[in-house]
Amino acid sequence: MAVVRKAVAAAVALSLLTACGGAAEAGPSTDAVTVRNCGLDVSVDGPPERVFAAYQPAIEMAHALGLSDRLVGTAFLDSEVLPEYADAQRDRKYYKNLPSREELLSHNPDFVLSGFNDVFSAAGTDGSFGSRKSLTDLGVRTWIFSPLCPTADGKGDEAIDPASVSMDNVYADLRDLGKLFGAGDKAEQVIADQQRRIAAVEAKVKGADRPTVAIVRPGLEGGGLTVSGGPDFGTVLIRQAGGVNAFADLTAKRNVKISAEEFIKRDPDYVLISGCCDATLTEDRTRPDVDKLLANPAFANLKAVQNKHVVPWLFAHHSAGVRGAHSTELIAKIIHPDRVK
């Protein structure tokens with residue numbers, strides 16, 4: 001990828017002088033590896049060597065694939081990374097928020113891996129890195145996790161196909177990224193570990209009653225009650241853990257704002273209070289939001305409140321990615337403590 005790096009460096013200089021005017025790039029060589037991601041062909045002439053990972057799922061997937069040494073930058077963790085990635089992440093360049101397009105390009109990346117679908121909107125506006133095409137024109141390949149393929153403007157959830165929200169698509173991403181990065185064996189190891197652990201949970205909860213579970217995001221979108229709807233990956237994780245997302249039928253977006261009356265009407269058996277977004281965040285720090293809901297007189301008669309089934313949780317836990325097995329195990333321990341320890 002040395003040629004690509006030189007092309008990127010030249011393009012960065014040009015972009016900084018001309019407000020990211022872009023430089024045309026030749027097409028892939030006959031030896032290129034090409035895979036399709038969210039409607040776009042992604043081609044590399046060799047394994048990318050300078051990777052920028054945005055958001056928690058992308059950072060953790062890069063570490064899981066053994067790409068830690070290729071990370072030239074990381075940004076926007078929602079909580080602490082999983083313990084197995086902590087040492088590798090500690091030495092990586094980290095931005096608390098997404099850097100500007102110019103700051104991103106100053107690292108001469110040849111690949112940008114994004115764990116969410118709002119980072120590649122047009123023209124680098126609204127804090128994004130610019131469209132995927134504009135980055136490809138600079139020799140920078142891009143990737144969005146397949147369960148989160150965005151709308152045409154690169155920002156919205158409305159285009160998410162509920163059928164694509166699955167662990168199978170996480171595995172497909174792992175395999176495709178393994179091809180691009182020459183890390184196919186590592187990808188298969190990660191997939192096998194995920195499948196083994198999830199299958200173990202599913203076996204333990206088989207035949208048990210399936211309680212309803214709500215994932216609540218306090219403070220999101222100006223406050224009020226926001227819950228994980230059907231397209232949110234929490235739906236998959238709750239199902240694998242032997243439960244049912246109490247709001248799975250709300251499918252317009254991942255995060256859905258509801259009224260207190262609707263929340264009371266659904267009366268979920270368990271409520272997970274989802275905390276976000278800080279690189280040092282742990283479940284314990286979401287406890288104040290748990291206590292706030294428990295103390296709200298309007299919710300006093302909810303089953304989850306009366307049974308003290310309102311639980312600290314992390315947004316990172318219900319994002320699509322290599323946390324899938326870990327999060328399935330955590331939910332199963334909460335809703336089926338008699339079967340999963």
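## A walk from Ser 319 to the cores

Let's start at Ser 319: setting aside neighbours within four places in sequence, Ser 319 is in contact with Pro 57, Phe 116 and Phe 233, where contact means heavy atoms within 4.5 Å. Before going on, note that this is a predicted model, in which local features need pLDDT of at least 70 and side-chain atom pairs count only at pLDDT 80 or more, while totals for chains, interfaces and linings use all residues. Residues are numbered from 1 along each chain as its sequence is written, and side-chain values use heavy atoms, with hydrogens and water left out.

Ser 319 sits in the loop between strand E13 (310–314) and helix H12 (324–335); helices (H or I, at least four residues) and strands (E, at least two) are DSSP runs, numbered from the N terminus. With a relative accessible area of 5%, Ser 319 is buried. Buried here means under 20% relative accessible area, exposed means over 50%, and partly exposed is in between (1.4 Å probe, protein chains only). A polar atom of the Ser 319 side chain lies 3.2 Å from the backbone oxygen of Phe 315.

Rings of Phe, Tyr and Trp (its six-membered ring) pair if their centres lie within 6.5 Å; planes under 30 degrees apart count as stacked, over 60 as edge-to-face and the rest as tilted.

Now follow Tyr 55, in the loop between strand E3 (51–54) and helix H2 (56–64). Tyr 55 counts as buried, at 7% relative accessibility. Beyond four places in sequence, its contacts include Ala 75, Phe 76, Leu 98, Ser 114 and Phe 116. Asp 118 itself is in the loop between strand E6 (111–114) and helix H5 (132–136), and is partly exposed at 33% relative accessible area.

On to the nonpolar cores, each a set of buried Ala, Val, Leu, Ile, Met, Phe, Trp, Tyr and Cys residues joined through side-chain atoms within 4.5 Å. The largest has 74 residues, and those with the most contacts inside it are Phe 111, Phe 129, Trp 143, Leu 174, Leu 177 and Leu 180. Helix H6 (residues 167–181) gives the most to this core, with 7 residues. Domain 1 (35–153) and domain 2 (192–336) both contribute, so this core lies between them; the domain bounds come from an automatic or database domain assignment. Leu 177 touches Met 61, Leu 65, Phe 111, Leu 113 and Trp 143, not counting residues up to four places away in sequence. A second, separate core of 18 residues includes Ile 258, Ile 273, Phe 299 and Ala 304.

Back to the rings: there are 8 aromatic pairs. Phe 247 and Phe 263 form a stacked one, 6.3 Å centre to centre with 5 degrees between the planes. Phe 247 is in the loop between strand E10 (244–245) and strand E11 (255–258), and Phe 263 is in helix H9 (residues 260–266). Phe 247 is buried at 0% relative accessible area, and Phe 263 is buried at 0%.

Notes:
Polar contact = N/O pair within 3.5 Å; in protein donor to acceptor, adjacent residues only side chain to side chain.
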